[in-house]
Amino acid sequence: MPHSLPVQLRATVRFLGRILGDVIRSEDGLAVYDEIEQIRQASVALHRHGPGVDDRAVETRLRELSLPDAVRFAHSFACFLQITNIAEDQIQRRRGRENEGRPDTLAGAMRSLADAGVGPDKVAALLANAVIAPVITAHPSEVRRKSLLDRAGAIIRALDAHDTPDEDARTGHERDLVRQISIIWRTRLLRGVKLGVTDEIENAVSYFERSFLTELPKLYAHWEHLTPDTTLPSFLKVGSWVGGDRDGNPFVTADIMRHTFARQSRAALDSHLARINALGAELSISSSLAQTTPELRALADRSPDTSLNRADEPYRRALTGIYARLAAAYPGLTGGWARPTPLRSPPYTSPGELQADLQVLQDCLIAQHGEVFSEGALPDLIRAVDCFGFHLATLDMRQNSAVHARVAAELLKVAGVCPDYEGLSEAERCDLLVKELSHGRLLHSPYAAYSEETVKEHGVLQAAAEAVRLYGPEAIKAYIVSNTTSVSDLLEVYLLLKEVGLYMPGDPAGTRIFAEPLFETIADLRDAPVTMSRYLAIPLVRRLLAGKRRQEVMIGYSDSNKDGSYLTSTWTLHQTSTALVAATKAAGLSLQLFHGRGGTVGRGGGSSFDAILAQPAGTVNGHIRITEQGEVVANKYADPQLARQSLETLTAGVVLASLRKRDVSTREAYGTIMGRLSDESFGAYRALVYETKGFADYFFAATPIAEIADLNIGSRPTSRQATRTIEGLRAIPWVFSWSQARVMLPGWYGFGSAVEAAGLPPEQLQELHHNWPFFSTTLANMEMVLAKADIAIARRYSSLVEDRALADAIFGPISAEWERTTNALLSITGQSVLLENNPDLSAIIRSRLPYIDPLNHLQIELIRRRRSGDDTAEVREGIHLTINGVAAGLRNSG
C-alpha cells in the first residue's frame, strides 16, 4: 500500500465506502442508493472544482428531500464519516507499528536526547520519580454510542486481517467487513435515552477493560528493554473523574461514588483473577524436576489446594491459594461474587499483599530458570496489580468552591462556632478555618437538621472515607476545587474532610486526600501565583505537604478560553505555569501541573505531544496530569494499539520536555511581544462576546445549542444556571455549538485584530513562529481550526436569527475577523493557503468536507423547520443525526 497517509486513507475509505454503498443498494434498493449517491457526487464535485453554476445543487437537492428521506440521508452520511474515522484509525495503527522509533515514542525521545548528550541513565532517573497520568472524564461531547465503538474495533481488526497476500483469506475477511458494515448501517446512531452517571461509569470502565488493563503492562515491559538494568516504577497510571466529579452535576451522589468503586474494582479483580487462572494452567513446573526457593515452598504449603495431582507443582498450588484469597476479597470489594472456587482462604486486605505473593513466584522463576522469566505473563500481572490495584483507577473528587463555602457556613453555624461565616473577610475566614483544623472537635452532629445540600455533601465525603479504607490510599488522592479564587477555598475542603476522618488534626496534622486548586478564568489564573504563595505560607499547610513535597495545581483551558479568547487563554496559562513554579519553589516544594484540556483547540486541544513540548521550561520535570475528555477518549483509547501509542506519545513528550536543553535567551523579548498580542486579543474578544448588545441572543439563535442540549450524550446539564447568558453556559456546549455551526470561534477569534492592532513588523512575528515552540504550536492549532471552519456555511447559520439587524451586526465582525486572522496567520507562516506546510492534515480535512457540508446544510433546514413549529420526533431525529455526523467528521468538535 502507498506510504503517503492521504493516499492510504483515500484507498481505504473508497474500499469501505464501496462496501457501504453495496450494503445500501442491497438492503434499501437502487433508488435510495442513487439518491444518496447523487448528492454525494454533487458535493464532491463542488469541493473538487470550486463554486460554479451548480454551486447550489447540493442545497437544492437537500431541500427537495422529503422528511423521511432527509433523515435517511443524514444517517447515511453520518455512517460514511464514522467509516472514514475507522479508516484513519486503522492507518494510524499501522503507521505506529511501522515507525517504532519515531520522535513521539520513548525510543525516539531517548535517541534525540542521546544526540544532545543526555544518556539513558538520566531518562531512567527521571522516570524513577515521575508522575504521568491521563485522567478520563465524562464531559459530554462524545456522540457515538458504545455499540458503534465496538463495531469500529471489529472493522479495524477485519481490515488488519484483510491486509494479506492470501486471496482466499482476503475474500473471507471482506465478507466479514460486509457483515460489520451492514450492522452499522442498521444500528441506531443516536442514544434513545439520556445517559446517566452509571452509564458514564460503564463507558469509562470499558476503556480499561478493552485497552488499559492489557496494554499498560506490555508498555512497561517494552520500556524496560529501553532502560536496561533498571526496574521502572509504575509512573504512568490512568485516573478518572467519572463518579467523583460533582461540579454542576447533581446526579453524582454518595451511592454513585460507592457504585463507581464497586464497578471499577470488579473490572480490576476480574482481570487479575483471569490472569492468575491462566498462569495456573501455564506454570506446570514440577518440584521433582526443578529447584524452588524456601519462600515459594512456604507459599505453596499455605495454599488450601491439597489435590494429589498438584502435590509436586508448587507454582500451581501457590497460584490456587492466591486465586482463593483474591476471590475471598471479591465480595467485600465489588458487592458481587467471583467465579466459584471450593477452596477457602483469608481475603487479601491490600493489593500489596497480592503483589508480594506474586513476586515470590517471579523471584523463584528468575533464580532457578534465568532472566528469560523477567518478562511474560507473570511480570505483566505484577505490573497490572501495581498499576490498577483493587481500585482500577484513582478517582478525583471535584466540587465548586461556592458549595464548600455554603456547607462550611452551615456546619459552623449549627455547631455554634460562627453565625455568619460567609460574611467574614478572607483573613477572618482563614484564621477561623486554621483554628478549627488544629483540634479534633467535629462540627457535624447526627442529631441536627441540615439543608439538602449539606446532607448530600457530607454523605459523599463519608463514601470517600469508606473508599479509602476499603481500596487503599490510591483510591482517592486529590480533591479538585473548581473556581478557586482564595486561600479559604482550599482550607474549607480540609475542614469538610476532617468531619469524616480524612483529615487528621495533630502535631503534625495529616490528610488522606489533598485539596488541589483549579484556576479557570483569566483573572483567577493571573492571581493564582499570589493565591498559592499565601496558601503555602500557612504553617499548617506546609506541615501537611512536608511528606509529599509537591503541590498540584490544576489550570483550566476551556473556561479561560470562553472568558478571554484562545490567544489570551493560551498565553495566560503559559505565564501562570511559570509563575506557579516560582511560588511553589519559594515554599520549598515542587509543582505538579494538572492540565484541564479538552478535544478542541478552544478547550486546549491539538497535539498532546506538541503541547507538552511547548510547556514553559521547568514546569514539567517528569510530573504532569492531563484530562482526557469527550470524543478524544474514544479516539485515543478505544482501540488497544492506539491506546498504547497515545500513552507512549504522552510519556515521550514528558521526557523530552523535562530533559532537553532550552534556549531561554529570547524568552523575555518574546514574552513582551506575546503580551501585547494577548492584551489586544482579549479586548477584541470581550468586545464581541461580552460587550456587544444581543450577542447571547445571536449565539442561541445562530448555533444548534438548544438542539445539542436535547442530545442524550451526558448526565451533566449544559448550563450552570437556568439563564440564557454566556457566563452561565458551560464551556463544552459553547465550543460544541460553534463547531457545529462551522464558525469555530473559540479557537481563533481575536488573533487577527491583535496582530493588526499591535502593529508589529511581520518579520518579528515570523521569527517567533520559527524559533519559539510555544508560538508555533499555538498557531498550528489555530490553523487546524480555521481549516475546518467555513465562513460561507457560518453565514447560513446566521440566517436562523430572526432579527436580521442583529444578525448582520454580529456576523459582520465575525466574518471580518475570520479574514483578518486567516491573512495574519498566512503572513506569519509564509503560506499561500492554510495547511500548505501540513499536506497530510490538509488532505484528511479536505477529504471529509464533501460529507460534512451537506449535513450542515440539512441541519440548518431542519432547525429552521423545528423552530417554525414542526417539532416532531422525526425532525428532532434528523437534526440529531446531522449533529452526530458533523461531530464525527470534525473529530475534535467538543
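Asp22 is partly exposed, with a relative accessible area of 30%, a class that lies between buried (under 20%) and exposed (over 50%), computed with a 1.4 Å probe and protein chains only. The model is a predicted one, in which local features need pLDDT of at least 70 and side-chain atom pairs count only at pLDDT 80 or more, while totals for chains, interfaces and linings use all residues. Residues are numbered from 1 along each chain as its sequence is written, and side-chain values use heavy atoms, without hydrogens and water.

Asp22 forms a salt bridge with Arg18 at 3.5 Å, N to O; the term denotes a side-chain nitrogen of Lys or Arg within 4 Å of a carboxyl oxygen of Asp or Glu. Both residues belong to helix H1 (residues 5-28) and are four residues apart, about one turn of the helix. Helices are DSSP runs (H or I, at least four residues), numbered from the N terminus. Arg18 is likewise partly exposed, at 38% relative accessibility.

The structure contains 47 salt bridges. One of them joins Arg848 and Glu88, with the closest N and O atoms 2.4 Å apart. Arg848 is in helix H35 (residues 839-867) and Glu88 in helix H4 (residues 67-98), so this pair ties together parts 760 residues apart in sequence. Both Arg848 and Glu88 are buried.

A further salt bridge links Asp871 to Arg866 (2.8 Å, N to O). Asp871 is partly exposed at 37% relative accessibility, whereas Arg866 is buried at 15%. Through shared partners, salt bridges join Glu707, Arg866, Arg867, Asp871 and Arg876 into one network.

Definitions and conventions. Helix = DSSP H or I, 4+ residues; strand = E, 2+ residues; numbered from the N terminus.
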